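Hi everyone, thanks for coming. Let's have a look at today's structure together.

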Amino acid sequence: MIYTVTLNPSIDYIVEVDDLKLGDLNRMKRDLKLPGGKGINVSRILYQLGADSTAIGFLGGFTGRFINDTLREESIKTNFVIIEDDTRINIKLKHGDETEINGLGPAIHEQEADALVQKLSSLQKNDIVVLSGSIPPSLGGDFYDRLISVCQQTGAEFVIDTTGEALMKALVHKPLLVKPNHHELAELFGVTINSKEGIVTYGRKLLEAGAKNVLISMAGEGALLITANEVYHANVPAGTVKNSVGAGDSMIAGFVGTLALHGDPIEAFRAGVASGSATAFSDDLATREKIEHLRPQVTISKW
């Protein structure tokens with residue numbers, strides 16, 4: 001089983017306005033409400049790939065019920081901790097450019113946090129836990145450490161998709177996968193990186209620090225997979241970018257789901273790039289049909 005952990009999920013309320021006038025009445029051209037959060041996005045793509053997952057984290061109030069009900073309608077298993085406060089709403093305002101207004105998120109009480117740790121205590125050795133996104137301030141900056149500790153105690157693998165200190169602290173515990181983009185990689189080490197050679201150099205530092213696989217997205221330049229023995233490059237399939245939300249989560253889902261199903265890191269890399277691209281070319285997250293259409297267009301080569 002793959003478990004996706006979203007500590008601060010949201011309803012993503014997407015609003016499209018033709019001509020935004022600040023300080024005046026505006027009417028929507030269209031709107032859309034989606035279950036949001038990085039781990040939730042991973043679960044939704046895993047379902048498209050035929051990989052079993054359970055989405056967990058914290059949900060509360062009418063907003064939390066909407067997310068849980070929507071995921072179950074999509075046949076995605078859920079096992080969230082129900083909390084006292086309401087789950088947040090994030091506004092994605094599209095008016096030519098996209099403006100984002102993110103909610104603060106609920107306060108998580110100590111007993112609620114303990115309940116999530118307890119849910120993971122039944123992990124099995126072959127399970128994979130995907131830890132994605134930011135940590136709500138009320139949980140403290142070391143909450144991922146608690147969850148990683150549970151993974152180690154049970155023998156489960158974990159993937160961590162976050163940035164900064166939380167990512168660097170996790171490396172010593174040997175995550176199955178980390179996935180910074182090339183800008184985040186430079187920020188991690190406080191450097192400027194101007195070449196693929198530089199990306200590989202600093203990507204290998206993540207490997208040396210403990211990561212088992214390092215996946216680095218480079219926008220239009222494709223992506224790199226750095227393993228213990230090789231470095232691989234993947235191109236980006238042709239298409240029109242419509243959506244930046246969830247592309248990185250889709251890449252993680254494609255990699256992890258395919259690796260869990262087939263055990264081949266090269267095919268996992270191909271599926272990750274196809275899934276990330278398919279979401280970037282879609283209004284919402286990718287569908288199975290779009291992923292499978294793009295998969296043959298992804299060429300993997302040793303670098």
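So, let me start with a question: is Phe189 buried, exposed or partly exposed? Phe189 has a relative accessible area of 24%, so it is partly exposed; buried means under 20% relative accessible area, exposed over 50%, and partly exposed in between, with a 1.4 Å probe and protein chains only.

Before going on, some housekeeping. This is a predicted model, where local features need pLDDT of at least 70, side-chain atom pairs count only at pLDDT 80 or more, and totals for chains, interfaces and linings use all residues. Residues are numbered from 1 along each chain as its sequence is written, and side-chain values use heavy atoms, with hydrogens and water left out.

Okay, the overall picture. The chain has 10 helices and 15 strands; these are DSSP runs numbered from the N terminus, with helices being H or I of at least four residues and strands E of at least two. For 303 residues, a compact globule would have a radius of gyration near 19 Å, and the chain agrees with that at 19 Å. That radius is taken over C-alpha atoms, and the globule rule is 2.2 Å times the number of residues to the power 0.38. The C-alpha trace spans about 55 × 45 × 40 Å along its principal axes. Of the 303 residues, 52% are buried.

There's also a record to mention. UniProt, in an unreviewed entry, lists residues 8-281 as "domain: Carbohydrate kinase PfkB"; positions are in the numbering used here, feature names are shortened, and annotations may be inferred rather than shown by experiment. Over residues 8-281, the chain is 39% helix and 23% strand.

Now, the rings. How many aromatic pairs does a search of the whole structure find? It finds two. Rings of Phe, Tyr and Trp (its six-membered ring) pair if their centres lie within 6.5 Å; planes under 30 degrees apart are stacked, over 60 edge-to-face, and the rest tilted.

Phe58 and Phe143 make a tilted pair, with 6.4 Å centre to centre and 45° between the planes. Phe58 sits in strand 4 (residues 53-59) and Phe143 in helix 4 (residues 143-154), so this pair ties together parts 85 residues apart in sequence. Both Phe58 and Phe143 are buried.

Then back to Phe189. Its ring centre is 5.2 Å from that of Tyr202 and the planes are at 45°, so this pair is tilted. Phe189 is in helix 6 (residues 182-189) and Tyr202 in helix 7 (residues 196-209), 13 residues apart. Tyr202 is partly exposed, at 21% relative accessibility.
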